[in-house]
Amino acid sequence: MVAEGVFATGLVSSYCTSEDVFKVLRGYDLTGFGGEEGLAPRVRELLPITMSMVESYAGRDFRLHAEETVRVDGTGTDRVYVIAAGVPTPATVQGVKVDGQEVSAGGWRAYPATGMVRLTPEARLRTFTAGVQNVELVVDWGWETTPAEVALVQAKLTAAELLAELGGEGGTVAETRIGDYAVRYAEGGKFGGAVQRLCAEAEAVLRRYVAVRMAAV
């Protein structure tokens, strides 16, 4: 993928706040660990880690990408797909060029849900000329505001990490995996069950946001 756009919303350091994490933890007695005030610095340290985990599992970020320029290979057919450039759907196409020449607005039609761009009878070209990275697409994709349930996913994962650290010793070390990410905790520790539940709830939601990436055939 060749991308030349910028994030319209700038850099995002976390999808949730420390306050969101402590809302998840309100049912747990944390007074022996310093309470919210004492644990706040560690929560802030965990937020970039859990944010990366969310993006890794989903195969996308949850920011707004406005007018991002990507390039795909011309297929020799009347259609190309933005997902061939690694752009997850839905994506709104704003402009199309083939071999450096702009295709008029009436000459193509985009289908945001599938990521397909198709030439219409009004186009001068009958096909996207076969080539390497010779089709240029200007696309908008992502979210202006992070979906609330994604922010909650990160909050739950951060809470799970914190509880795993606070759980203490107790039996063997177990782990709960979400994709390539693992939360390790003492299986017989104080918060072992809570860690498992929070991770399971987070994964169930995040699974719905996994980016589908496939090339046209």
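This is a predicted model: local features need pLDDT of at least 70, side-chain atom pairs count only at pLDDT 80 or more; totals for chains, interfaces and linings use all residues.
1. Glu67 is not a glycine, yet its phi is positive, at about 50°. Its relative accessibility is 58%, so Glu67 counts as exposed.

2. Gln133 also has a positive phi, near 55°, in a residue other than glycine. This residue belongs to strand β8, residues 131-142. Gln133 is partly exposed, its relative accessible area being 31%.

3. The peptide bond between Thr89 and Pro90 is cis, with omega about 0°. Pro90 sits in the loop that runs between β3 (79-81) and β4 (91-98).

4. The structure contains 6 aromatic pairs. In one of them, the ring centres of Tyr28 and Phe191 are 6.0 Å apart and the planes meet at 85°, so the pair is edge-to-face. This pair connects distant parts of the chain, 163 residues apart: Tyr28 is in the loop between α1 (18-24) and α2 (35-58), and Phe191 is in the loop between β10 (181-186) and α4 (192-206).

5. Phe191 has a relative accessible area of 6% and is therefore buried. Phe191 also pairs with Phe33 in a tilted arrangement, with 6.4 Å from centre to centre and 55° between the planes. Here too distant parts of the chain are linked, since Phe33 lies in the loop between α1 and α2, 158 residues from Phe191. Phe33 is partly exposed, at 29% relative accessible area.

6. One aromatic cluster is formed by Tyr15, Phe62, Trp143 and Tyr209.

Note on methods: Residues are numbered from 1 along each chain as its sequence is written. Side-chain values use heavy atoms; hydrogens and water are left out. Rings of Phe, Tyr and Trp (its six-membered ring) pair if their centres lie within 6.5 Å; planes under 30 degrees apart count as stacked, over 60 as edge-to-face and the rest as tilted. Helices (H or I, at least four residues) and strands (E, at least two) are DSSP runs, numbered from the N terminus. Buried means under 20% relative accessible area, exposed over 50%, partly exposed in between (1.4 Å probe, protein chains only).
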